[in-house]
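The sequence and model come first.

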Amino acid sequence: MVLKVIELPYSSEIMAFDKIENGGKILWKQDDIGGLTPAVTSKNQLISGSSTSMFLTGLNPKNGEILWRVFTGGEMLENAPAIYGNKVLALCKNGYLFAIE
């Protein structure tokens, strides 16, 4: 029997680690961000959608602090947000393409 994830919700978290030379310790983590959805980075932000919640989130990559969150009404599954100029473009499961400035 093969078990597959076919239904939401399930849980996820995104984590940042220190360099291996410094012990590879967890620096910070945030719940309900990430999952099947990869994050992208800009100069000062880590931007992630989620396959476990209906938010697009901008994080401070140094400490994991949430800088902003936008309710999308749908999860992001197996696609990454894109950065174009000063906008984040995100396609959600509900069929909407978000352009967030």
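This is a predicted model: local features need pLDDT of at least 70, side-chain atom pairs count only at pLDDT 80 or more; totals for chains, interfaces and linings use all residues.

Residues are numbered from 1 along each chain as its sequence is written, and side-chain values use heavy atoms, without hydrogens or water.

**Overall chain**
- The chain has zero helices and nine strands, where helices (H or I, at least four residues) and strands (E, at least two) are DSSP runs numbered from the N terminus.
- The C-alpha atoms fill a box of roughly 45 × 40 × 15 Å along the principal axes.
- Among contacts (heavy atoms within 4.5 Å) between residues at least 6 apart in sequence, 29% join residues at least 24 apart.

**Surface and charge**
- Of the 101 residues, 32% count as buried, meaning under 20% relative accessible area with a 1.4 Å probe, protein chains only.
- The chain exposes about 6,900 Å² (Shrake-Rupley method, 1.4 Å probe), and carbon and sulfur atoms supply 56% of this area.
- There are 9 positive and 10 negative side chains, with the centres of the two sets 6 Å apart; Lys (placed at NZ) and Arg (CZ) count as positive, Asp (CG) and Glu (CD) as negative, and His and the chain ends are not counted.

**Sheet S7-S8-S9**
- Three strands form an open sheet in the order S7-S8-S9, with antiparallel pairing; two strands pair if DSSP finds at least two bridges between them.
- Strands S7 (82-84) and S9 (97-100) are the edge strands, each pairing on one side only.
- S7 pairs with S8 (residues 87-91) over three bridges in the antiparallel sense, and Tyr84 stands opposite Lys87 in S8.

Technical notes
Buried means under 20% relative accessible area, exposed over 50%, partly exposed in between (1.4 Å probe, protein chains only).
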